[in-house]
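Here is a short briefing on one chain. Keep the sequence and the model in view while reading.

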Amino acid sequence: QVQLVESGGGLVQVGGSLRLSCAASGMLLSDSAIYWYRQTPGRQRNFVASISARNFVTYVDSVKGRFTISRDNAKNTVYLEMNSLKPEDTAVYYCKSSSLNGDYWGQGTQVTVSS
């Protein structure tokens, strides 16, 4: 059974940092493109960052220079390092894997940036 589990969210002050993790079981993340999305209440889930199976990375403009996506294949985990956090980064963050075997989502982790 494929499962993605996000962790690392929490409450942080403006300008602070968090590192989110997306750990997989039942599949190899190294074979997949991994995406981070975020969602606030009443709004659609929006793309934040992605890393391809070949480690090509992309970011939404609003997080460029502040967020870094990376993977550790030995730990079967993808990370989202978030620095210089702003109140508008507050959201539930989700990871998604995409491969020939289909798409899978994690349950999300809450990030709250307080001013």
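**The disulfide**

The torsion about the S-S bond of cysteine 22 and cysteine 95 is about 70°, so the disulfide is right-handed. The model is a predicted one.

- The disulfide count is one.
- The bond runs from cysteine 22 to cysteine 95, with an S to S distance of 2.1 Å.
- This pair ties together distant parts of the chain, 73 residues apart.
- Cysteine 22 sits in strand E3 (residues 18–25), and cysteine 95 sits in strand E9 (residues 91–99).
- Both cysteine 22 and cysteine 95 are buried.

**The four-stranded sheet**

- Four strands make an open sheet in the order E1-E3-E8-E7.
- The pairing in this sheet is antiparallel.
- Strand E1 (3–7) and strand E7 (67–72) are the edge strands, each pairing on one side only.
- From one strand to the next, the twist averages 15°.
- Six bridges link E7 with strand E8 (residues 77–82), in the antiparallel sense.
- Isoleucine 69 has leucine 80, in E8, as its bridge partner.

**The E9–E10 hairpin**

- E9, the strand that holds cysteine 95, forms a hairpin with E10.
- Two residues lie between the strands E9 and E10.
- E9 and strand E10 (residues 102–105) run antiparallel and are joined by four bridges.
- Lysine 96 has tryptophan 105, in E10, as its bridge partner.

**The nonpolar core**

- In soluble globular proteins, nonpolar side chains tend to be buried together.
- The largest nonpolar core here has 26 residues.
- Trp36, Leu80, Met82 and Tyr93 have the most contacts inside this core.
- Two or more core residues come from each of E3, strand E4 (33–39), strand E5 (46–51), E7, E8, E9 and strand E11 (109–114).
- E3 gives the largest share, four residues.

**Arginine 66**

- Is arginine 66 buried or exposed? Its relative accessibility is 10%, so arginine 66 counts as buried.
- Arginine 66 lies in the loop between strand E6 (57–59) and E7.
- The side chains of arginine 66 and aspartate 89 make a polar contact of 2.8 Å.
- Beyond its neighbours within four places in sequence, arginine 66 is in contact with Glu81, Met82, Asn83, Ser84, Leu85, Lys86 and Asp89.

**Alanine 33**

- Alanine 33 belongs to strand E4.
- Is alanine 33 buried or exposed? With 18% relative accessibility, alanine 33 counts as buried, because the cut-off for buried is under 20%.
- Which residues does alanine 33 contact, leaving aside its neighbours within four places in sequence? They are Ile51, Ser52, Ala53, Lys96, Ser97 and Ser98.
- Lys96, one of these contacts, is the residue whose bridge partner in E10 is tryptophan 105.
- Alanine 33 and arginine 45 are twelve residues apart in sequence. In space, their C-alpha to C-alpha distance is 18 Å.

Conventions: Residues are numbered from 1 along each chain as its sequence is written. This is a predicted model: local features need pLDDT of at least 70, side-chain atom pairs count only at pLDDT 80 or more; totals for chains, interfaces and linings use all residues. Side-chain values use heavy atoms; hydrogens and water are left out. A disulfide is a pair of cysteine sulfur atoms within 2.5 Å. Buried means under 20% relative accessible area, exposed over 50%, partly exposed in between (1.4 Å probe, protein chains only). Two strands pair if DSSP finds at least two bridges between them. Axes are lines fitted to C-alpha atoms, for helices over the stretch in contact, and angles run from 0 to 180 degrees between N-to-C directions. A nonpolar core is a set of buried Ala, Val, Leu, Ile, Met, Phe, Trp, Tyr and Cys residues joined through side-chain atoms within 4.5 Å. A polar contact is a pair of N or O atoms within 3.5 Å; within protein, one must be able to donate a hydrogen and the other to accept it, and residues adjacent in sequence count only if both atoms are side-chain atoms. Contact means heavy atoms within 4.5 Å.
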